[in-house]
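Please open the model in your viewer and keep a selection tool at hand. The stops below move from one pair of side chains to the next and end with the chain as a whole.

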Amino acid sequence: LAHVLGFLPPEDIMRARLSIKLRDFATTLIVPPSDYRVRRYKVMEAMAKSLPHMQQITIDNLGFGQKYADGVDPNEDRVKYTKDHITRDITILKRFKKLRVLELNDAPLNGRYAFLFKLPLLQKLTIVSMDCFKWDVFMLSGLLSLRELHCEGSGVSGNIKDLRILKDTLEKLNMHNCCGIEGDFMTLSDFRRLKMLDLGGASGIIGDVRKIRIDDDFQALEEIHLPKGVIGGKDHEFQFICEVADVMLALHRLRQRIPTISRDCYWKLSSASPEWYDVDEYDQYPVPPFIISFVQAGPRVGWRWLSPSRPRIRLNRARIRVDTQSDRGGSCEVNWLDKEPVRRRSGYTTYIQEMQSIEKEIDFYKGYYRPPTADEYKQLCICKEANTD
């Protein structure tokens, strides 16, 4: 009978408890994982008593006027705002001894709750939209079976080096937009099971993609997202033009091993770079080409420097708009990373057609494989004016 109940979701098992015999079976039953969301506290109380061996629970918003008891070091503004709310006991989760999947999604938790990180069987932890929920990376040392961590929008802090205790178990790590964490992403390079790594938007993360050893590091990785602070990460701002070629080559080699890495992103020369300049008196010509992007013609991949499109968008702003189709001549020559495909091979015709389209975008900066200096740029503008006259 217990095996039969084991195939049912929690709601159906609770209904089946009308029988005394089934009620006894339910208290010892290992409930199969299913997405059970707790939105009413009384329901969770009943579950804790009747189905203590549930393996998966999502703690959701309890509704207006209710909260869980504040933890250690709570947000004082939230404490004042919720002082008249009905308080519920979150430690009821301790009764679920077999918990393997836990999701905290917009749950009314405020402060630190150490016991949530002392669940020895937990394999997947998700923390979403939890602005006042505080925790440190080192607290994960109490979750030695953890395989997946998904965290967005919570008050996490600490150094990712403290994840090393999970080196042999962690398979997916998503700490997107977790601005309170810090450390070098290469700390995780020898995590032999790690398949997905998303540190996008985590402003405290640093590193350099050129240090990735293609044959040795991140061997199981199938997906990776790196933040701006990593040299080669999305939207990274380079300090020197000479750095770019090696970084683009490193990214190209990494993508050959991990094809899911997107080429649809941009980098730029920092406005704080000694090589950056702005020229206001030549508005009729392309802006200095300080944007970097990949380009592809058929099977051949390369990279190039581009001008942002007009109307003019200054490069020291966070958002960049690139549209070479509406601003002809805003592209430098392509720095190819692959050899030209062999004639008469499949895809060669497509390569020629796409090459012609790319070459049409190279006009003002023809012959330049990197941005011209300020003096060279001014000279280009003067020559263009002379030719126009």
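Is Arg210 buried, partly exposed or exposed, judged by its relative accessibility? Arg210 counts as partly exposed, at 33% relative accessibility, where buried means under 20% relative accessible area, exposed means over 50% and partly exposed lies in between (1.4 Å probe, protein chains only).

A word on conventions before going further: this is a predicted model, in which local features need pLDDT of at least 70 and side-chain atom pairs count only at pLDDT 80 or more, while totals for chains, interfaces and linings use all residues. Residues are numbered from 1 along each chain as its sequence is written, and side-chain values use heavy atoms, with hydrogens and water left out.

Select Asp208 together with Arg210: their side chains meet in a salt bridge at 2.8 Å, N to O, the term standing for a side-chain nitrogen of Lys or Arg within 4 Å of a carboxyl oxygen of Asp or Glu. Asp208 is buried, with a relative accessible area of 10%.

Next, select Arg370 and Glu275, whose side chains form a salt bridge at 3.9 Å, N to O. Arg370 lies in the loop between α7 (348–360) and α8 (374–388), and Glu275 in the loop between β15 (266–269) and β16 (291–297), so this pair ties together parts that are 95 residues apart in sequence. Helices (H or I, at least four residues) and strands (E, at least two) are DSSP runs, numbered from the N terminus. Arg370 is partly exposed at 42% relative accessible area, and Glu275 is partly exposed at 28%.

Now move to Arg112 and Asp136, where the side chains meet in a salt bridge of 2.6 Å, N to O. Because Arg112 lies in the loop between β5 (101–105) and β6 (124–136) while Asp136 is in strand β6, the pair ties together parts that are 24 residues apart in sequence. Arg112 counts as partly exposed at 25% relative accessibility, whereas Asp136 is buried at 14% relative accessible area.

Finally, show the whole chain, which has 8 helices and 18 strands. Buried residues make up 47% of its 389 residues, and a search of the whole structure finds 15 salt bridges. Among contacts (heavy atoms within 4.5 Å) between residues at least 6 apart in sequence, 60% join residues at least 24 apart.
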